[in-house]
Amino acid sequence: MSYDALLWLSFGGPEGPDDVRPFLENVTRGRGVPPERLDEVEQHYQHFGGVSPINALNRAAIDAVRGRIDLPVYFGNRNWHPMVEDTLAEMKADGVTRALVFPTSAYGGYSACRQYDEDILRARAAVPDAPELVKLRQFFDHPLFVESFADAVRAAARDFADYRLVFTAHSVPVSADKAAGPPEEGGHRYSRQVAEASRLVADAVGAPEHDVVWQSRSGPPQVPWLEPDIVDHVEALYDKGVRNVVVCPIGFVSDHLEVVWDLDTEARERAQELGMGFARAATPNDDPRFAELVAELVAEHLTGAPQRKLSDFPVAGCTANGAFCAPLCCEPAKRPAAGTAR
Ligand SMILES: CC1=C(CCC(=O)O)c2cc3nc(cc4[nH]c(cc5[nH]c(cc1n2)c(C)c5CCC(=O)O)c(CCC(=O)O)c4C)C(CCC(=O)O)=C3C
Ligand SMILES: [Fe+2]
């Protein structure tokens, strides 16, 4: 098979104060997120002038990839401009017939993998005679991903003689995590892959102990999400006598708003109030190894080279035109209909 482009598919974020509310409405449409939560999150964005760093970070990462592969690279998002539908229309107009897709998430699960397939389905439905789109695989245990985080942890920890290493990823509803992966596997693919990536990074830096916790919980309060939350965990560590914390946002590939608000603002402030040392490891972002990783995933796909991976964990995500990884892999969590008594 030959391909004539790479589509960089990401989450998207607002780039000015007036973008914030419509962006949040796109993210949460039909998802049962209470308006109070939206008001709160809107304030996080407005605190930074309504600008999320995510789009600029994606553009910089794309520039770094452009020098490393022979395909033109296009940029499209799920929730904000450039919207993936518009990008796909532009690709079609440029004569692209078949493209690889790099989703900016390393993991399986509904929000981290399946939802990008849904974006592909939606975009192709919006463009007549749409190009074929083949999504690249998950990469949570790729050596370049692990090494990049390991170096970032070492750099963040350089001022601490002793510290506790804490990994974070975006929380999801417990029911969605349970449904993550092919049904016969028993679920939890997202949280298990997050735990495995964390273990690999902790091993690489030689951390004697580490924790995996969650951040950025959304949804109505009565619905259970993965816990504990990072801020609560910082307090629990303090109570156990831990005095320095290094937080590694293993669940993300860039320092976007959920990272700069929930970690660099909220968790850091709580740690400082308690008199704890706090440092946050960088995400792969502008590490050249991240661009190298994307180029390697493209080359692996084109040549059929063996997958470079550090664990025996199942890796999926590579499907054509928005197909499931396996039948019914990572179905969304069943949400109670609005107004239903529970
Ligand atoms: C697993 C996962 C990832 C990692 C995989 C990946 O990277 O794709 C991720 C990434 C991100 N999440 C982001 C932002 C938001 N996520 C929200 C809401 C939600 N995220 C969820 C899950 C995830 N999210 C879920 C289950 C919800 C509830 C609504 C629903 O059921 O879908 C909301 C709504 C408001 C709120 O927080 O309540 C916002 C604003 C940004 C961009 C930040 C920026 O602008 O810089 C990024 C990269
Ligand atoms: Fe999947």
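Two residues are in contact if their C-beta atoms, placed from the backbone, lie within 7 Å. The structure described here is a predicted model, in which local features need pLDDT of at least 70 and side-chain atom pairs count only at pLDDT 80 or more, while totals for chains, interfaces and linings use all residues. Residues are numbered from 1 along each chain as its sequence is written, and chains are lettered from A and ligands numbered from 1 in the order in which they are written. The chain is divided into domain 1 (5-140 + 286-303) and domain 2 (143-280), with bounds that come from an automatic or database domain assignment.

**Annotated positions**

- Under "binding site", an unreviewed UniProt entry lists Ser 52 and Tyr 116; the positions follow the numbering used here, feature names are shortened, and annotations may be inferred rather than shown by experiment.
- Ser 52 is placed in the loop between helix H2 (35-47) and helix H3 (54-66); helices (H or I, at least four residues) and strands (E, at least two) are DSSP runs, numbered from the N terminus.
- Ser 52 is buried because 24 other C-beta atoms lie within 10 Å; a residue is buried if 20 or more other C-beta atoms lie within 10 Å of its own, exposed if 12 or fewer, and partly exposed in between, with C-beta atoms placed from the backbone.
- Not counting residues up to four places away in sequence, Ser 52 touches Gly 13, Pro 14, Tyr 45, His 256 and Leu 257.
- Tyr 116 belongs to helix H5 (residues 110-126) and is buried, with 24 other C-beta atoms within 10 Å.
- The contacts of Tyr 116, leaving aside neighbours within four places in sequence, are Leu 9, Pro 103, Ser 105 and Lys 135.

- Besides Tyr 116, the buried residues of H5 include Cys 113, Arg 114, Asp 117 and Ile 120.
- The cover over the buried residues of H5 includes strand S1 (5-10), strand S3 (98-103), strand S4 (132-135) and helix H8 (189-205).
- Thr 265, found in helix H10, counts as partly exposed because it has 15 C-beta neighbours inside 10 Å.
- Between Thr 265 and Cys 113 there are 152 residues in sequence and 28 Å in space, C-alpha to C-alpha.

**The two domains**

- The centres of domain 1 and domain 2, taken over C-alpha atoms, are separated by 23 Å.
- To the contact between them, domain 1 brings 28 residues and domain 2 brings 26 residues.
- On the side of domain 1 that touches domain 2, H2, H3, H5 and helix H11 (288-303) each supply at least two residues.
- H11 gives the most to that side, with 5 residues.
- By class, the side of domain 1 that touches domain 2 has 15 nonpolar, 8 polar and 5 charged residues; Ala, Val, Leu, Ile, Met, Phe, Trp, Tyr, Cys and Pro count as nonpolar, Asp, Glu, Lys and Arg as charged, and the others, Gly among them, as polar.

**Strand S7 and its partners**

- Strand S7 (residues 244-248) is largely enclosed by the rest of the structure, because 4 of its 5 residues are buried.
- S7 pairs in the parallel sense with strand S5 (residues 164-170) over 4 bridges; two strands pair if DSSP finds at least two bridges between them.
- S7 is also joined by 4 bridges to strand S8 (residues 277-280), and these strands run parallel.
- Val 246 in S7 stands opposite Leu 165 and opposite Ala 279 in S8.
- A right-handed β-α-β unit is made by S7, helix H10 (residues 257-273) and S8; a crossover is right-handed if, with the strands pointing away from the viewer, the path from the first strand over the helix to the second runs clockwise.
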